[in-house]
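The entries are in the order in which I looked things up.

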Amino acid sequence: MTLATPEAVPAPRRTVVGVCATARIAAAARGGTSTLPVLDGDGPFELRTLRSRGTEARVCIVGAMSAPLGGDRLRIEADVQEGAALHLTSAAATLALRGPTPEHATYDVLLAVGEQAQLHWLPKPLICAAGSNLRQTYTVSLSPTARLVLREEQILGRKGEPPGHLTTRLTVRRGGRTVLDQQSAYGPGAPGWDGPAVLADHRASGQLLIVDPEFAEHPPDAQLLGGAPGAGQGIITPLADASAVLVTAVAPDGLRLRRLLDAAQTASVPRGGALA
């Protein structure tokens, strides 16, 4: 009698995942100013407090290591509690690089702003180097009286190199209702991203979202920005929610993109100057 030999079972394929890290920040109103009861970062996130301005607490995110790389899972959570004001920036540009695994990297940002609270999210640009593959999400929850300035700048490839792949999604809810939900994809594998309907010859893209209840009384007008050959273009667009304005801009490089967004931010400040 011959015994049947069981077929060899292949070992399960192991997915290599890189760094998993979360930064948590909370701002609270205390005694006429804003304090930081939670300031906790790990992995590539080193959080440093800056000198406050008026009632506004200020935090700088410092990259303690190269990230995001392929396979990394990164997350930032910021909670601005009732009556508080928080300004968040970064010390340098975020550089997305090819990692040791073909897995994409994720970079998720969750922002919550309470009643009569204010948040400025103004990091340095995101640069997607050749071979990188990043999926980025912003999920923002605003109370009806909250104020927000959110700015993001994306640069596809370092000077003289092809771009990496970037998928980015921005979802904003105010008082439980969706104000904005949009997704963009750039770089290799994204259909039509370098065609005339998307970026064409430009390699820098940015958005500026301003939410302020004062806009309900004094909404800004839709306005085109730029127009000079090679300088990039942008547009200021009031959203269906009367308290929100979105600026979208594209440019050949990061410097010209920054100039467009700076001009848009100045032009879009509410008449009362609350978000100046």
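The entries below go from the whole chain to sheets, strands and single residues.

**Ground rules.** I am working with a predicted model, in which local features need pLDDT of at least 70, side-chain atom pairs count only at pLDDT 80 or more, and totals for chains, interfaces and linings use all residues. Residues are numbered from 1 along each chain as its sequence is written, and side-chain values use heavy atoms, with hydrogens and water left out.

**Whole chain.** The C-alpha trace spans about 90 × 50 × 35 Å along its principal axes.

Of the 276 residues, 47% are buried. For burial I use relative accessible area: buried is under 20%, exposed is over 50%, and partly exposed is in between, with a 1.4 Å probe and protein chains only. The chain exposes about 13,800 Å², and carbon and sulfur atoms supply 51% of that area. Accessible areas come from the Shrake-Rupley method with a 1.4 Å probe, and for residues only the protein chains shown count as cover.

I then checked contacts, meaning heavy atoms within 4.5 Å. Among contacts with a separation of 6 or more, 70% are between residues 24 or more positions apart.

For charges, I noted 26 positive and 25 negative side chains, and the centres of the two sets lie 4 Å apart. Lys and Arg count as positive and Asp and Glu as negative, while His and the chain ends are not counted. I placed each charge at NZ of Lys, CZ of Arg, CG of Asp or CD of Glu.

**The 7-stranded sheet.** In what order do the 7 strands of the open sheet come? I read E2-E1-E5-E8-E11-E13-E14, with mixed pairing. Two strands pair if DSSP finds at least two bridges between them. Strand E2 (33–40) and strand E14 (177–186) each have a single partner strand, so one side of each lacks a neighbour in the sheet. Neighbouring strands here are turned by 10 degrees against each other on average, direction ignored. Axes are lines fitted to C-alpha atoms, for helices over the stretch in contact, and angles run from 0 to 180 degrees between N-to-C directions.

Within this sheet I followed strand E8 (residues 105–113) to strand E11 (residues 133–142), which pair in the parallel sense over 9 bridges. Valine 113 has leucine 142 in E11 as its bridge partner.

I traced the parallel pairings next. Histidine 87 has histidine 120 of E9 as its bridge partner, and threonine 89 stands opposite leucine 122. E9 goes on to pair with strand E12 (residues 147–156) over 4 bridges in the parallel sense, where glutamine 118 stands opposite arginine 147.

Why do I call E6 largely enclosed by the rest of the structure? Because 6 of its 6 residues are buried. Ala85, His87 and Thr89 lie on one side and Leu86, Leu88 and Ser90 on the other. Strand E9 (residues 118–122) is also largely enclosed, because 5 of its 5 residues are buried. Gln118, His120 and Leu122 point one way from E9, and Leu119 and Trp121 the other way.

**Single residues.** Threonine 171 lies in strand E13 (residues 165–174). Its relative accessibility is 8%, so I list threonine 171 as buried. Leaving out residues up to four places away in sequence, threonine 171 touches Tyr138, Thr139, Val140, Leu180 and Asp181. Aspartate 181 is 10 residues from threonine 171 in sequence and 4.3 Å away, C-alpha to C-alpha.

Leucine 50 is in strand E3 (residues 45–53). Is leucine 50 buried or partly exposed? At 33% relative accessibility, leucine 50 is partly exposed. Beyond neighbours within four places in sequence, leucine 50 is in contact with Arg58, Val59, Cys60 and Thr89.

Proline 219 sits in the loop between strand E15 (204–211) and strand E16 (223–226). I have proline 219 as partly exposed, at 46% relative accessibility. From proline 219 to proline 238 I count 19 residues in sequence and 7.3 Å in space, C-alpha to C-alpha.

Technical notes:
Helix = DSSP H or I, 4+ residues; strand = E, 2+ residues; numbered from the N terminus.
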